[in-house]
Amino acid sequence: MTAGPRKSLRRVLEDFGPTLLDLVHGDAQSDRAVGGVVIHDPRDEPAYPQHAIVLGIALYDADGIAGLLRDLGAHDAAALVVRAPVEDTPGIAAAARESGVALLALTPGAAWSQLAAMLRTLITEGDVGDAGSETLGGVPSGDLFALANAVATLLDAPITIEDRQSRILAFSGRQDEADYSRVATILARKVPEGYLRIYDDRGVFGELYRSDRPVMVSPATVEEGETALPRAAIAVRAGGEILGSMWAAVKEPLSPAREEAFREAAQLVALHMLRVRAGADAENRLRADLVTTVLEGGRGAGDALDRLGLVHEPTVVIALGLAPGGAADHAFVAAERERLAGALAIHLNAVQPRSAVALLGEVAYAIVPVPDGPAAGRERARQIASSFLERTGSRVPAVIGIGSTATEPGALGRSRANADRALRVLFSGQVAKRVAVIADVQIEALLLEMRDLAAANGDELLGSIARLVAYDAKHQSSLVETLRAWLDAFGDIVAASSSLFVHPNTFRYRIRRVAEVSGIDLQDPAERFAAMVQLRLMRPAPHSADGSRAAGRPE
């Protein structure tokens, strides 16, 4: 049975070796804590959680491995994983020894994405608060890997625990004693389709889910000349709900005593699976509560940030929302928000571990650790947001506003406010982007806030712009549009006339009429600025048929 602490390097090696991982350098009995999983990117500078396991994807040369080991030692990483076979040179050995970072080799054929997912499941990277010491049947609550090892000891056979889709939730040691199909299942983290078709044709799953006793399954082979072991399988159910199944690769039918032990073990597995599900729901609610507390500020914000593991580094708030318009079905929109919030959490878990996400009202907020320094923090947040929206595609009109960098817990409230301001600019359509950093759209945000103030004060269009609006309404002309184009083009007649698709001479006539009707001195910078502000802040109010009303109100 698994003996290592759940979040330790020893536990990783016990549960994943030698099926997935082999130790090249390091202490196989190390109880050193493991704090998270990070994918190494030579072109990026990730935020390393303490005692991270780093996945060295596409890292093969000995010098590169030795150099990364030394770098990871400075970040207090626990281990580096590279693809086997590893050229074990004296330089690598020395780097591993000096850095204190274990070097592990991932078996050929195993997917990096599957390894990352399984490691994160094992070490429960998203833990917040105290883990507690609850046990079920003598096994730590929710620890399916430890439970699989315990059942393997009872049955003297390697075990897998699978969900309803035949995806691997956990597996025991000794998988090398099984057969090719079991190894392929572990590497893919799912039973391969060829074997599933054989089981379906035989009616195995129907028999399995109808019975509350173990079912013997004769060997299944796909390749010519392949050898295979029989399976003993049992459904894992809670009341009338099928949660999954448990499979043992056996050499002979189970004895009555082992069959009974297998049945009782399935009941215990069901309790653990329910605990995992309930724990995940509770943790998601807790994280949302902690994120809310942090973003609202107040006395508990520092403690909440500490429980999220983000108190000692710069962070930034990003706000994800759905642009106005599109689907009118409120239930559909709400479901889309929840889906996007979940997708953002998954994305951040992969690219920026320890980020915290919560859906608050109509906006999903994320608190993201970023490099020190405002410029570096903004750029990192922009990269993360842009990458996420590229992955989600354009089918859903999602946009992301990015706040200011917070170097202390008390500044996160301002970062959230700035993220909201940037998001509002995107919603307004003033910038043709899907991602906006507040530093880049600050003027647009200020104009929107000035518009709010004008609306609150009941301000109306007055003076020169009001005269232009009234003239246009009465004569069906376009002097306001002409002035706006001229100001936007900095007085360049050719550019301004081109934007309105009129001849330059026609435009010159119109701009002279603007000056005559409005009384604006277009050579005066102050008057030009006042006109620009009014045009951006105001919109014309409705007019009567004779065009008698010339007032306007804030947009």
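Modeller: Contact means heavy atoms within 4.5 Å. This is a predicted model: local features need pLDDT of at least 70, side-chain atom pairs count only at pLDDT 80 or more, and totals for chains, interfaces and linings use all residues. Residues are numbered from 1 along each chain as its sequence is written, and side-chain values use heavy atoms, without hydrogens and water.

Colleague: Which residues of α14 and α19 meet?

Modeller: L447, M450 and R451 in α14 meet V533, R536 and L537 in α19. Helices here are DSSP runs (H or I, at least four residues), numbered from the N terminus, and strands are E runs of at least two.

Colleague: Why is α14 called roughly perpendicular to α19?

Modeller: The axes, lines fitted to C-alpha atoms over the stretch in contact, come within 9 Å and cross at roughly 75°. Roughly perpendicular covers 65 to 115 degrees, so α14 qualifies against α19.

Colleague: What is the span of α19?

Modeller: Helix α19, residues 525-537, reaches 18 Å from its first C-alpha to its last. The expected span, 1.5 Å times one less than its number of residues, is 18 Å for these 13 residues.

Colleague: What is the phi of F490?

Modeller: F490 has a positive phi of about 55°, yet is not a glycine. Most residues other than glycine have a negative phi.

Technical notes:
Axes are lines fitted to C-alpha atoms, for helices over the stretch in contact, and angles run from 0 to 180 degrees between N-to-C directions. Angles under 35 degrees count as roughly parallel, over 145 as roughly antiparallel, 65 to 115 as roughly perpendicular and the rest as oblique.
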